[in-house]
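Work through the exercises below with the model open. Try each task before you read its solution.

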Amino acid sequence: MRRKYMWWILGILGVVLLGAALWGPIVSNVEHPKYKVAERSGDIEIRDYAPMIVAEAEVWGERREAISMGFRIIADYIFGNNTAAQKVPMTAPVTQQGSEKIAMTAPVTQQGDGDKWRVRFVMPSSYTMDTLPKPNNPAVALEEIPAKRFAVIRFSGMAGEESLRRHTQELNDFLSPKNLTPLSQPTYAFYNPPWTLPFLRRNEVLIEVSRDKAQ
């Protein structure tokens, strides 16, 4: 009887662990920015991104603290702190909150200059600047981003400081011999909710590059 009870507990535990493993990728299956891959080398891609609209907030402080603060500010906007009353259908199975529900997209991106960080959410492609509800919080800005080319390295794991530094260096080492001119500071992109298991996470470092190689 005791052995049967133990197997029952282990079975439940297995289901819970499997659910935890799968839940992150499932809820991360949302609309992503549109791009075409111009070149691929292992985990590195040269991508041509289509124009997009982002909601962004500028925050100050240590990187982890800054992205958490920026995330809360913009999440407050997309979950209802805006001027509209309409409901927008979700593009994937993530939760909806607030009177104005805007479809969540991935990734959340972070770009820094010292202690100042720009945290962004990409808005669903079905919106234009005219149809997006205006933020009530002046800390949130809506911005149109033109088409751009990025060099991108993709990796899994927790994306701590050492991992971000190492992958940024690997990306820069890739650019140099190809005479690709960096046009921006690194941008960090995080695709998954915090409870996603490390080996299932998708993280990226992006550096904008010129479409024309330096001579």
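## Exercise 1: The chain as a whole

Read along the sequence, the chain runs α-β-β-β-α-β-β-β-β-α-β-β. The model is predicted: local features need pLDDT of at least 70, side-chain atom pairs count only at pLDDT 80 or more, and totals for chains, interfaces and linings use all residues. Residues are numbered from 1 along each chain as its sequence is written, and side-chain values use heavy atoms, with hydrogens and water left out.

**Task.** How many helices and strands does the chain have?

**Solution.** 
- Know the terms: helices (H or I, at least four residues) and strands (E, at least two) are DSSP runs, numbered from the N terminus.
- The chain has three helices and nine strands.
- Next, contacts (heavy atoms within 4.5 Å). Of the contacts with a separation of 6 or more, 69% join residues 24 or more positions apart.

## Exercise 2: Helix α2

**Task.** Which residues of α2 are buried? Then check the span of the helix.

**Solution.** 
- Buried means under 20% relative accessible area, exposed over 50%, partly exposed in between (1.4 Å probe, protein chains only).
- In α2, R63, A66, I67, G70, I73, I74, A75, Y77 and I78 are buried.
- The expected span is 1.5 Å times one less than the number of residues. α2 has 16 residues and reaches 22 Å from first C-alpha to last, close to the expected 22 Å.
- Look at the start of α2: a side-chain oxygen of E62 comes within 3.1 Å of the backbone nitrogen of R64.
- Just after α2, G80 has a positive phi of about 140 degrees.

## Exercise 3: The nonpolar cores

**Solution.** 
- A nonpolar core is a set of buried Ala, Val, Leu, Ile, Met, Phe, Trp, Tyr and Cys residues joined through side-chain atoms within 4.5 Å.
- The largest one has 35 residues. Among those with the most contacts inside it are A55, Y77 and M123.
- α2 gives the most to this core, with six residues.
- M123 touches I53, V54, A55, Y77, I78, T105 and L132, leaving aside neighbours within four places in sequence.
- Another core lies apart from the largest one; it has twelve residues, including V30 and V122.
- In soluble globular proteins, nonpolar side chains tend to be buried together.

## Exercise 4: A histidine in α3

**Task.** Is H167 buried or exposed?

**Solution.** 
- Find H167 in helix α3.
- H167 counts as buried because its relative accessibility is 9%.
- Leaving aside neighbours within four places in sequence, H167 is in contact with I153, F155 and V205.

Methods:
A polar contact is a pair of N or O atoms within 3.5 Å; within protein, one must be able to donate a hydrogen and the other to accept it, and residues adjacent in sequence count only if both atoms are side-chain atoms.
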